Amino acid sequence: MHELSLCESIRDVVLTAAQGRPVTGVTVRIGRLRQVVPESLLFCWDAIRHESARGDGLLADAEMAIEEVPVTLACANCGKQTLVEDDLAMLCPGCFATAVEPVTGTECLVLTVDVREAGADRAGIADHAAAGAGMGS
Amino acid sequence: MGRFHRHADGTTHAHDDHEHDHEDHDHVDHEHVDRHHDHDPGGHKHGLGPAPRRGGASPEHPEAREREVGDHSAYETGTTRVAVLTSIFAENDRAADGNRAAFDAAGVVVINVMSSPGAGKTTVLAATLAWCRDAGIRAGVIEGDIETSLDAERLAGYGAQVSLLNTGAGFGGECHLDAPMVAHALRRLDLDSLDVVFVENVGNLVCPAEFDVGAHHSVMVYAITEGEEKPLKYPVMFRACELVLLNKMDLVPYLDADPEDFRAHLARVNPAATVLPVTSRDLTSYEPWFAWLSARLPTRG
Ligand SMILES: [Zn+2]
């Protein structure tokens with residue numbers, strides 16, 4: 001399962017960004033060339049949330065939103081950029097040249113992470129900052 | 001990368017100690033604080049800590065994104081939207097760069113071997129290891145796709161160093177090798193005494209292409225029995241390889257699949273790829289593959 005591996009990577013990125021705070025939302029941007037099935041990604045993310053709920057719970061409430069990006073190909077032959085609707089073949093829809101490069105559609109990013117600011121967590125981070133380790137600013 | 005710690009009192013925090021040496025580094029230091037629910041005007045002081053930075057309109061934080069923050073009024077405390085913009089593969093790519101540096105330091109050429117299940121990858125690898133042994137080429141194998149323990153015994157019989165990865169141990173099993181797994185397997189190989197390492201990836205036509213393991217070359221073993229149209233169905237995978245070993249060519253007379261149609265479909269997604277037909281029924285069919293390999297191995301004095 002491709003999507004489960006991706007969700008494990010997303011989890012690591014999200015936990016790093018959240019710095020110990022509970023996460024309420026995650027937005028990811030995935031290009032269609034990644035061949036990710038959004039329903040499978042959400043299903044696997046639910047597995048990650050359930051796993052979290054059995055542990056520290058930081059991701060238990062983390063809803064995922066997926067921003068899908070269609071494939072756009074730039075053609076070296078005719079110079080056009082074309083949006084590819086269905087067929088994933090690396091072929092210019094205008095002139096059928098194969099000298100194409102994807103301009104969009106290969107994205108695979110965590111965009112945003114929403115975290116809950118609880119009083120206890122804030123104090124904990126403050127203690128940590130006071131101890132000199134800093135918060136990366 | 002930040003490291004998470006859990007203290008005895010149950011609090012967690014991260015040390016943001018990573019190096020900013022990657023384009024997709026974590027933007028935690030640009031954290032955008034957007035508190036929606038300051039119910040108590042005098043609250044949220046919490047004494048010792050630094051005040052959170054209020055959300056400013058910096059280029060990384062367009063107003064549109066701020067408006068996406070939902071209403072979390074059920075909570076007594078506010079919600080912060082952290083702009084992350086980190087590649088999901090950032091951590092893997094860092095580990096892959098580390099692997100590549102280790103391979104380069106030892107002067108080893110590393111070939112990532114991908115396939116679908118049942119394409120005959122282990123058979124091709126066995127023939128390749130036998131050729132390496134006879135040619136005096138010191139080979140290692142990182143084996144991530146053992147179907148049976150017989151496969152491992154078979155490969156170990158050619159004098160190659162073999163490092164086995166138990167890919168079934170992960171949460172739900174693994175569908176590919178990633179760079180940290182390969183880094184782990186590397187510790188069981190003596191790279192300085194090797195010329196070439198083959199990474200036998202998990203048989204899968206989607207996932208292995210996504211995870212850079214730090215190899216110098218990617219090769220696919222594809223059986224003509226799988227049909228001629230798969231390149232169009234799995235373009236990412238077929239774009240990720242520079243050479244396709246078209247296996248089981250001895251079965252072509254019994255199939256509808258036409259190798260020329262396969263070549264045409266492959267050219268639509270990866271016009272630069274080389275196709276070399278092979279069959280285990282005729283060991284001379286491997287010779288172009290061995291020549292391709294020889295041309296990419298370091299010359300030893
Ligand atoms: Zn064109």
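# Notebook: looking through chains A and B

**Chain A, the overview.** I counted 3 helices and 6 strands in chain A. Here helices (H or I, at least four residues) and strands (E, at least two) are DSSP runs, numbered from the N terminus. What I have is a predicted model, where local features need pLDDT of at least 70, side-chain atom pairs count only at pLDDT 80 or more, and totals for chains, interfaces and linings use all residues. Residues are numbered from 1 along each chain as its sequence is written, chains are lettered from A and ligands numbered from 1 in the order in which they are written, and side-chain values use heavy atoms, with hydrogens and water left out.

I wrote down the order of elements in chain A from the N terminus: α-β-α-β-β-β-β-β-α. Then I looked up burial. Of the 137 residues in chain A, 51% are buried; buried means under 20% relative accessible area, exposed over 50%, and partly exposed in between (1.4 Å probe, protein chains only). Next came contacts, meaning heavy atoms within 4.5 Å. Taking contacts in chain A between residues at least 6 apart in sequence, I found that 71% join residues at least 24 apart.

**Two helices in chain A.** I checked how α1(A) and α2(A) pack. Their axes come within 9 Å and cross at roughly 55 degrees. That makes α1(A) oblique to α2(A). The axes are lines fitted to C-alpha atoms, for helices over the stretch in contact, and angles run from 0 to 180 degrees between N-to-C directions. For the naming, under 35 degrees counts as roughly parallel, over 145 as roughly antiparallel, 65 to 115 as roughly perpendicular and the rest as oblique. The crossing of α1(A) past α2(A) is right-handed, and I noted the rule: left-handed if the near helix is turned anticlockwise from the far one by less than a right angle, right-handed if clockwise. On the α1(A) side the contact includes Leu4(A), Cys7(A) and Arg11(A), and on the α2(A) side it includes Leu41(A), Trp45(A) and Ile48(A).

**Val13(A).** I picked this residue out of helix α1 (residues 2-18) of chain A. Is Val13(A) buried or exposed? It is buried, with a relative accessible area of 9%. Skipping neighbours within four places in sequence, I listed its contacts as Val110(A), Val84(B), Thr86(B) and Ser87(B).

Most residues other than glycine have a negative phi. I found Gln19(A) with a positive phi of about 50 degrees, although it is not a glycine. Gln19(A) sits in the loop between α1 and β1 (23-31) of chain A, and at 5% relative accessibility it counts as buried. Gln35(A) has a positive phi too, near 55 degrees. Its place is the loop between β1 and α2 (38-54) of chain A, and its relative accessibility of 19% counts as buried.

**Over to chain B.** Here I counted 9 helices and 10 strands. Buried residues make up 51% of the 301 residues in chain B. Of the contacts with a separation of 6 or more, 74% are between residues 24 or more positions apart.

**Helix α8(B).** Which residues of helix α8 (residues 259-269) of chain B are buried? I got Pro259(B), Phe262(B), His265(B), Leu266(B) and Val269(B). Looking down the axis of α8(B), I saw that these buried residues fall within an arc of 120 degrees, so they line one face of the helix. The arc is that of the directions from the helix axis to the C-beta atoms. An α-helix has 3.6 residues a turn, so residues three or four places apart point the same way. Among the elements covering the buried residues of α8(B) are β8 (217-223), β9 (243-247) and β10 (274-277) of chain B.

**Ser218(B).** I found it in strand β8 of chain B. Ser218(B) is buried, at 16% relative accessible area. Leaving out residues up to four places away in sequence, it touches Asn112(B), Met114(B), Ala240(B), Cys241(B), Glu242(B) and Leu243(B).

Helices α2 (residues 90-106) and α5 (residues 179-186) of chain B pack at about 30 degrees, with axes 8 Å apart, and their crossing is left-handed. I noted Ala95(B) and Phe103(B) of α2(B) among the residues that meet α5(B). The axes of α3 (residues 121-135) and α9 (residues 287-294) of chain B come within 11 Å and cross at roughly 60 degrees. α3(B) and α9(B) are therefore oblique to each other.
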